[in-house]
Amino acid sequence: MALQVDGVTVRYGDLTAVSGVDLSVADGEVLALLGPSGCGKSTLLRAVAGLERPTAGAVRWDGRDLADVPVHRREFGLVFQDGQLFPHRDVAGNVAFGLRMRGTAKGEQAARVAELLDLVGLGGYQRRRVTELSGGEQQRVALARALAPHPRLLLLDEPLSALDRALRDQLAVDLADLLRRTATTALLVTHDHDEAFTLADRVAVMSAGRLLQVGRPAEVWRRPASEEVARFLGCTSVVPGRVEDGVVSCALGGAPVDGDVPAGPVRVGLRATALRVAAEQEAGAITAEVVQRVHRREHARLLVRVPEVGTVEATAPVATAPEPGASVRLALDPDGLALLPV
Ligand code: ADP
């Protein structure tokens, strides 16, 4: 394991920001720390960077305890939400910063800067002033600057959060591609599921300073370890259910399950997309009353009342979404389900 976090706790006075976290990141792996604001993600990242001294536990690289290794000697690259570029330097001056610190020869610096700018899609931007760049371009420069000295670990703290949605989605895809192509080992902090799932090989879900679950994105998404993880990952209802012969049934209907799930009781987490308006004559549909309708970008989000279950969320096509008060037939969509242990 390249990075190993062993029982790390960080306290600020009476507040325990990070509590006994064990975590490892393998060589070339991208791991996302995902959790709500204030759960301790940044504090943990800062402890890894050496910006925060753990109250207990150790941060190791290839087995070596880094307690006495200062930030600039850890050979880690850092990218923060707002880039933190040097405003008085041009793009090349910013990207070359780590190389200058290392005493890299001038010609080599220029070649590496050109290589990095190409890599982040800003070829030829060397002489541009960073104050004249868009937010997305500034983050690309920050990324190029962090990667230039070949860091052994890249630490990314909400690197896309300051950007608007469309740009963030595009940059997340570009960043994922870049991290794969350069086989960069990275630890990413984010509160955004989409970002974590786009970028990470594994996701570590945190809450109130603790690690709740670590796993591949699909695993954490489909099989949350607890109701807390399920709710954080968008399940708005959790109902009892049962798996039999690869089919899960609950009060809202039945649906095939993916993967091998042993027969027996489960809890079923439902995201809004788990219940959708059924096709005419669709078998196994249930009847519910629409309580509320909200239009979203791609579909209408309904709040429906289901007899003996209560109110749950459902989705309908925008053009044909039923009005509040209407009766609607709904079927389960396996894509919107998560299975939790009992
Ligand atoms: P996240 O990154 O998940 O949003 P943080 O790691 O920033 O969470 O913060 C975790 C908790 O620690 C929060 O309650 C925050 O207020 C507190 N905290 C963070 N940094 C400090 C600090 N330097 N001094 C005191 N409390 C802090």
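Helices (H or I, at least four residues) and strands (E, at least two) are DSSP runs, numbered from the N terminus. The model is predicted, so that local features need pLDDT of at least 70 and side-chain atom pairs count only at pLDDT 80 or more, while totals for chains, interfaces and linings use all residues. Residues are numbered from 1 along each chain as its sequence is written, and side-chain values use heavy atoms, with hydrogens and water left out.

**Exercise 1. The ligand shell**

Determine which residues are around the ligand and which element gives the largest share of them.

Step 1. A residue is near a molecule if one of its heavy atoms lies within 4 Å of it. The residues around the ligand are Tyr12, Leu15, Ala17, Pro36, Ser37, Gly38, Cys39, Gly40, Lys41, Ser42 and Thr43.

Step 2. Helix 1 contributes the largest share of this shell, 3 residues.

Step 3. Sorted by type, the shell holds 5 nonpolar, 5 polar and 1 charged residues (Ala, Val, Leu, Ile, Met, Phe, Trp, Tyr, Cys and Pro count as nonpolar, Asp, Glu, Lys and Arg as charged, and the others, Gly among them, as polar).

**Exercise 2. Polar atoms at the ligand**

**Exercise 3. Glu29**

Is Glu29 buried or exposed, and with which side chain does Glu29 form a polar contact?

Step 1. Glu29 is found in the loop between strand 2 and strand 3 (30-34).

Step 2. Buried means under 20% relative accessible area, exposed over 50%, partly exposed in between (1.4 Å probe, protein chains only). Because its relative accessible area is 12%, Glu29 is buried.

Step 3. The side chains of Glu29 and Arg202 are joined by a polar contact of 2.6 Å (a pair of N or O atoms within 3.5 Å; within protein, one must be able to donate a hydrogen and the other to accept it, and residues adjacent in sequence count only if both atoms are side-chain atoms).

**Exercise 4. Glu219**

Classify the accessibility of Glu219.

Step 1. Glu219 belongs to helix 8 (residues 217-222).

Step 2. Its relative accessibility is 33%, so Glu219 counts as partly exposed.
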